[in-house]
Amino acid sequence: MNHPLLLIAMQEFTLNRRNKWVTSFAGLFAFLTLFISYFGMVTSGYSGFQDFARTSTSLINLTGFVIPLFALLLGVFSFISNREYLELLVAQPISRMQVLMGKYLGLLLTLLITTIAGFSIPGILISFTIGPAGILSYVTVILFSLLLAVVFSGCAILIAQIANRQQIALGVAISVWIFFEVVYGLAMLGATLYLSPAVLKSVLTLGLLGNPIDVFRVLSLLAVGGAEFFGPAGATLMKLVGSEAWAVFLGLAALLTWSVLPVVFAMRLFSRQNL
Amino acid sequence: MIMPVLNKADPGDTVVVHGGEYSESLVIDKSITLVGKNRPWIRGGYTGHVILVSAPGTTIEGFEISEAGTRLSKDFACIRVEADSVKIRNNVISEPLHGIYVKAGSHITIVDNVVKGRLDLIRSDRGNGIHLWNSRHNLIRGNEIFNVRDGIYFSFADSTTILRNHIHHVRYGLHYMYSNANTFTENLFERNVAGAALMFSKHIVFDRNVFARCRGFRAYGILYKSMDETHAMNNLIIDNSRGLFMDNSNFNTFENNDVVDNDLALQILGNGEGNAITNNNFINNLSNLLMGGKGTGTIWASEANGNYWSDYRGYDLDGNGLGDVPHKIQDVFQVIETQVPEVRFYRFSPAAEILEVAERTLPILELGTENDPIPLFRPQTNDDVPWARAAEIASVSSPAAGLIFFVIALLPFSLLIFSNWRRGRVHVR
């Protein structure tokens with residue numbers, strides 16, 4: 001535990017844990033997941049058919065909303081808000097890469113714990129009503145959510161390097177969030193009005209890879225409902241990639257690319273930056 | 001051996017067979033009652049029909065009958081019936097090709113049998129559970145049929161009553177071809193490719209059936225192809241990829257059914273007319289209607305009222321139980337989806353939600369002609385819909401798994417406590 005990387009990570013995590021914003025955000029997320037599961041599974045009178053899939057769909061949407069925002073804001077804050085602390089760290093006899101990776105790991109730890117806490121509490125509730133097969137897909141969704149958290153914490157540290165004034169960085173972070181949440185999807189839907197169906201087929205399917213939130217959503221829905229959940233679109237996807245396993249593999253590869261690339265760029269920027 | 005005894009028997013005799021294994025095929029050419037005690041097992045050795053009945057008035061009861069020949073072109077069956085008024089009761093049929101094949105016999109009674117299909121054959125090489133050809137006025141009641149190609153297949157088989165059967169893991173639960181004036185009631189169809197596939201037939205009435213869990217790209221709860229004047233009521237269509245599919249079908253009525261939890265409730269290709277879909281509950285379906293053309297020509301409301309749609313966003317100011325604004329059955333997303341199926345990948349994205357809200361407040365797109373003019377404001381309670389039957393096949397709960405999540409939930413909190421404990425040391429350094 002004496003490695004500087006781990007020390008910085010633990011320190012970052014401790015700072016986050018002490019931050020009242022972080023705890024209230026985590027609490028809100030856990031509360032919302034519990035709320036959705038409770039009303040989706042318990043009060044609706046669980047019939048044992050599609051309630052679980054419907055509840056999961058809502059949970060997936062909530063996660064797609066909250067986790068990226070949380071990751072972006074927290075990541076940007078941890079670099080920008082306490083500038084003197086960062087300068088102090090960089091002045092230590094350790095490489096800048098270690099500083100950056102330490103802070104990144106601390107951020108990841110915070111997010112992973114928040115996500116697990118947010119999902120496991122309704123998990124207790126849900127597993128009293130669903131069968132073992134449903135639980136497996138629920139756990140798969142948790143794993144995909146963790147990957148989503150990884151992707152956006154990477155984006156956050158990249159944004160913090162690009163825009164190093166607090167207001168600008170925050171603005172960029174929120175813009176990036178809105179872009180991936182709404183603008184990207186609206187652009188895709190808007191494309192349906194202008195492009196020919198033959199082109200659209202590939203634009204809409206490949207376009208999924210360009211947005212980690214879309215990848216996350218489709219992967220999670222595949223886990224919960226299978227490819228037939230998407231109707232004819234699912235059939236197209238299967239024809240394109242071969243099988244459901246390949247679709248999942250492709251999605252995971254996209255998410256991994258999305259999580260590695262921003263960190264690599266951030267590292268390059270940070271090592272050359274004049275603080 | 002049973003056959004020598006049958007040869008000596010006179011028409012009208014009852015032959016009782018006691019438990020044991022009998023490797024032979026039987027030909028019953030005089031009207032006798034064949035009763036098995038302690039379920040004797042007749043094994044045909046995979047050559048031809050196991051029992052061939054050519055005498056009217058024969059009864060077969062209490063046997064296990066196995067090992068029909070496997071050549072589908074010969075239509076081999078465990079019980080082949082070529083006479084009228086035959087009764088087949090309380091038998092178990094395993095290793096069949098076809099389970100029971102009725103060729104040109106009428107007034108056949110098939111009650112309380114179990115047909116287990118062959119899992120070692122691919123589905124297109126399997127036979128049907130019960131196959132009726134050129135056969136009328138039959139009663140098929142209380143049978144369980146699974147792992148065959150089609151559960152009950154009708155070809156030129158009119159006026160047959162199907163009652164309280166349980167058909168699962170087959171291609172089509174019921175498959176009607178050119179078979180008119182049939183009724184089926186209180187059956188349970190689950191986990192098939194299609195619960196019932198009704199094709200090229202007229203005047204079929206079905207009531208109080210459950211069509212559940214037909215899942216797959218080409219799976220349907222109920223499929224109509226070139227069907228006229230069917231009458232469906234009080235059925236429960238739950239948890240299917242597509243609930244009801246209609247192609248080239250006219251003047252059918254579909255009323256008082258519960259259509260629940262399907263990915264798509266209705267798919268209607270716009271090549272039929274005069275279909276009336278009224279007084280149903282459409283609850284919790286991901287999409288309500290996908291159509292083939294510009295419109296479906298469907299009648300969505302009777303004089304009194306339309307259907308209940310759980311995604312109806314209107315209001316009922318005068319409190320008469322009917323929505324004050326018509327319900328657009330297709331939302332904006334479904335309109336786009338009709339043209340570009342791939343857009344469904346974005347179905348649950350925030351962008352799609354925004355588009356829907358925007359469309360509702362500021363209609364920009366023509367949402368098609370499909371409107372329910374007087375939607376019900378609340379779901380109607382209909383005790384004839386067999387919810388109790390559906391509950392038999394619902395997912396089992398697993399309280400034990402709650403414990404696993406409890407442990408997972410402890411994980412983050414224990415980490416917090418751990419980091420708390422580490423805190424002092426990190427600071428000292």
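View 1. B:F345, B:Y346 and B:F405 supply 17% of the area that chain B buries against chain A, more than any other three residues. This is a predicted model, in which local features need pLDDT of at least 70 and side-chain atom pairs pLDDT 80 or more, while totals for chains, interfaces and linings use all residues. Residues are numbered from 1 along each chain as its sequence is written, chains are lettered from A in the order in which they are written, and side-chain values use heavy atoms, without hydrogens and water.

**View 2. One salt bridge links chain B and chain A.** Look for B:E342 and A:K201, whose closest N and O atoms are 3.9 Å apart; a salt bridge is a side-chain nitrogen of Lys or Arg within 4 Å of a carboxyl oxygen of Asp or Glu.

**View 3. A:T110 sits in helix α5 (residues 96-127) of chain A.** Helices are DSSP runs (H or I, at least four residues) and strands likewise (E, at least two), numbered from the N terminus. With 4% relative accessibility, A:T110 is buried, meaning under 20% relative accessible area (1.4 Å probe, protein chains only). Leaving aside residues up to four places away in sequence, A:T110 touches A:F13, A:N16, A:V22 and A:L74 (heavy atoms within 4.5 Å).

**View 4. Strands β3 and β6 (residues 51-53) of chain B run parallel, joined by three bridges.** Strands pair if DSSP finds at least two bridges between them. Here B:L26 has B:I51 as its bridge partner.

Key: Buried < 20%, exposed > 50% of the residue type's maximum accessible area, 1.4 Å probe, protein only. Buried area = accessible area lost by both parts, 1.4 Å probe.
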